[in-house]
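Me: I would like to learn how to read a few features of a model with you, taking each general idea before its particular case. Could we begin with burial?

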Amino acid sequence: MVLNELGQSIAKALEGIKTANTIDDKVLDACLKDICTALLQADINVKLVMKLRTNVKTRANNADKGAGLDKRKIIEKAVVDELIAMVDSGGDVKTVELKKGQSNVIMFVGLQGCGKTTTASKYGAFHKKKGFKPALVCADTFRAGAFDQLKQNASKTQIPFYGSYTETDPAIIAAQGVEKFKKEKRDLIIVDTSGRHKQEEALFEEMRQVAESVQPTLVIFTMDGSIGQAAFDQAKAFRDSVEVGAVIVTKMDGHAKGGGALSAVAATQAPIAFIGTGEHMDEFERFEAKAFVGRLLGRGDWKGFVNK
Amino acid sequence: GGGLLSSFVGKLGMSMGGTAGLTRQEIQPALVQLKRKLMERNVAEEIAEKLCESVAANLVGQKLGSFRLISTAVKEALEAALTRILTPKRSIDVLREVHAARARGKPYTMVFVGVNGVGKSTNLAKIAYWLLQNKVKVMIAACDTFRAGAVEQLKTHCARLNVPLYERGYEKDPAKVAFEAIRAAERAKCDVLLVDTAGRMQDNEPLMRALSGLISLNEPDLVLFVGEALVGNDAVDQLTKFGQRLADLATGPNPHTIDGILLTKFDTIDDKVGAALSMVYTSGAPIMFVGCGQTYPDLTRLNVKAVVRSLLK
Ligand SMILES: Nc1nc2c(ncn2[C@@H]2O[C@H](COP(=O)(O)OP(=O)(O)OP(=O)(O)O)[C@@H](O)[C@H]2O)c(=O)[nH]1
Ligand SMILES: Nc1nc2c(ncn2[C@@H]2O[C@H](COP(=O)(O)OP(=O)(O)OP(=O)(O)O)[C@@H](O)[C@H]2O)c(=O)[nH]1
Ligand SMILES: [Mg+2]
Ligand SMILES: [Mg+2]
């Protein structure tokens, strides 16, 4: 993960205002320019970056009016707050935590190739270790080899699976699979769906039908960590079509800094619950927005810092 | 110029067409706007910056016709630069090369490489479909021996397209599978062998080394980098590192690097077409094919004019 690199650039830009004698407009502009460049290189949505710049400036200028306030601290805090606001949907990750002893039906949705099938299995394996009884349902009837892929992942992680080589209606398979596993008292039923994009309305209609037929307790929007400026619009379209409750960002083991996916949080208003960090079934981590920004800035002590 | 008129005209963003020519200061606001637009259209920051700098370098000191808008001049200069970059300097006529290879009695071998999930296998199948339409005899080699379902994915495509598949299942050395597949294609008198490889992150050393190994062992005729139009700034790093890996190995007079780019998922990005620019700018390789959907006929050529229009609109 190269998140550190982004964190370093931002931390360095913030250092700049610490060492400057006086913080005038010029110093502030230079600092903000560096921060914005780092964010843009990380694929954060251009409009969100512009908003961050404006908000921080406004707060810095307001600080001018108040006497005795430390402008540097105010600027630093404004930047950190804005970054947290960017990745923090306001939604609490705890609300998307699974509950034992009740039937959880989780539906994975997302763009083509973003990592749904792989992540669905990882998610099952992760919760199996926590004592859940997961099961996987393949409701992707479109992609060549989709059922075999899910099957092989399910065997690797020793999770029961359901699917069909002949049925072409994903809503039917999904309903059958969920019903079967509910009868078998599996408490975590994971439904994998085909990749789709907002430009093709028929695919979104299909997604709504699958959701209708399985009545998921949680819809997880999966997103590729390397996605660029298309992230926001796509994420918003998914959110407008189904009730996205959580986001998982995949492929964070690559060089990309995941900013496109991070800005999609603003569009879905759903928290990032996990990140994927590799192709193997155990390469999967929990995600926490505030700790993330702390790590981004290379600070272990961000909590104290933010509360100052 | 000078005085009142000059400052008035300056405020309108017009050139006086004066003696000194354009200054950096005069064009700066237009450049800032254009850079932002390029980034909104998903051009990597670094590439947008470089482009704007080169446009600035060309324009500073130039004399504009009287009362021409500076923003128009900057936009035109950028448009010219974009068109120049996206227009292929070398073009590869695959069908012609395939016919030449046929005359030599050798199967023409194409290897599809790229990061995870970008659409290598699907677009390989689309290429097979296109070749079949052009009366070319095709074989496919399943050299992704890692990802779950990768072999069955190709089996399905091959059955639908009625094309032979060379596969040795999972966990085999992909370089060796490719090596054997070339022999099999030769024996079966196939004109083209399409080699699918596993997706890999450009920073993953062992996997990148394995890919270089496959290519140096098998000396394919064409290495196609498959990249998705959805990718952001990472496009630059992907192309740089995949290209570097191949160049590291290159020996002989015609070093093999990325020969061409297949840009996928072009149907998912509306006007955010910037990845096309980032990829070509970084690698210098032409975009040979564009994937624009999930079915076999969804493969086209790059429309340079349309891309430039989307970038500047
Ligand atoms: N390096 C890396 N690769 C990943 C990660 N998650 C998924 N992948 C890879 O990404 C590729 C696509 O993953 P899939 O799970 O098939 O994606 P999908 O969203 O199900 O694809 P469709 O069903 O075709 O839309 C595969 O090669 C996976 O191995 C990750 O966290 N890191
Ligand atoms: N919308 C759209 N989807 C595409 C396009 N090309 C491929 N896809 C989809 O992208 C997903 C991934 O495609 P694959 O061909 O499996 O990708 P890959 O690069 O071989 O993946 P790995 O082998 O796992 O690295 C599938 O759902 C494809 O249908 C395209 O041009 N447009
Ligand atoms: Mg899938
Ligand atoms: Mg593949």
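Me: Is B:Leu124 buried or exposed, and what is its relative accessible area?

Reply: First, a word on conventions: this is a predicted model, in which local features need pLDDT of at least 70 and side-chain atom pairs count only at pLDDT 80 or more, while totals for chains, interfaces and linings use all residues. Residues are numbered from 1 along each chain as its sequence is written, chains are lettered from A and ligands numbered from 1 in the order in which they are written, and side-chain values use heavy atoms, with hydrogens and water left out. Buried means under 20% relative accessible area, exposed over 50%, and partly exposed in between, with a 1.4 Å probe and protein chains only. B:Leu124, which lies in helix α6 of chain B, has a relative accessible area of 0% and is therefore buried.

Me: Which residues does B:Leu124 touch, not counting those up to four places away in sequence?

Reply: Contact means heavy atoms within 4.5 Å. On that basis B:Leu124 touches B:Phe112, B:Ile140, B:Leu154, B:Leu194, B:Val195 and B:Asp196.

Me: Where in chain A is A:Thr222 placed, and is A:Thr222 buried or exposed?

Reply: Helices (H or I, at least four residues) and strands (E, at least two) are DSSP runs, numbered from the N terminus. A:Thr222 belongs to strand β5, residues 218-224 of chain A, and is buried, because its relative accessible area is 1%. Among the residues that A:Thr222 touches, beyond those up to four places away in sequence, are A:Lys116, A:Thr119, A:Ile248 and A:Thr250.

Me: What is the order of the strands in the open sheet of chain A?

Reply: Strands of a sheet pair through backbone hydrogen bonds, either parallel or antiparallel. Two strands count as paired if DSSP finds at least two bridges between them. The open sheet has 8 strands in the order β3-β2-β4-β1-β5-β6-β7-β8, with mixed pairing. At its edges stand β3 (161-162) and β8 (284-286) of chain A, each with a single partner strand, so one side of each has no neighbour in the sheet. Strand β7 (residues 272-276) of chain A pairs with β8(A) in the antiparallel sense over 3 bridges, and A:Gly276 stands opposite A:Phe284 in β8(A).

Me: Which residues come nearest to ligand 1?

Reply: A residue is near a molecule if one of its heavy atoms lies within 4 Å of it. Of the 23 residues around ligand 1, those that come nearest are A:Lys116, A:Thr117, A:Thr118, A:Arg143 and A:Glu279, and the ligand itself lies between chains A and B. The largest share of this shell, 4 residues, comes from helix α5 (residues 116-129) of chain A.

Me: How far is a polar side-chain atom of A:Lys116 from an oxygen atom of ligand 1?

Reply: The distance is 2.7 Å, and an N or O atom in the side chain of A:Asp253 is 2.8 Å from a nitrogen atom of ligand 1. The protein covers 96% of the 660 Å² of accessible area that ligand 1 has on its own, where areas come from the Shrake-Rupley method with a 1.4 Å probe.

Me: Why is the site of ligand 2 described as shared?

Reply: The site is shared because residues from chains A and B surround ligand 2. There are 24 of these residues, B:Lys120 and B:Gln294 being among the closest, and helix α6 (residues 120-133) of chain B gives the most, with 5 residues. An N or O atom in the side chain of B:Gln294 is 2.6 Å from an oxygen atom of ligand 2.

How values were computed: Polar contact = N/O pair within 3.5 Å; in protein donor to acceptor, adjacent residues only side chain to side chain.
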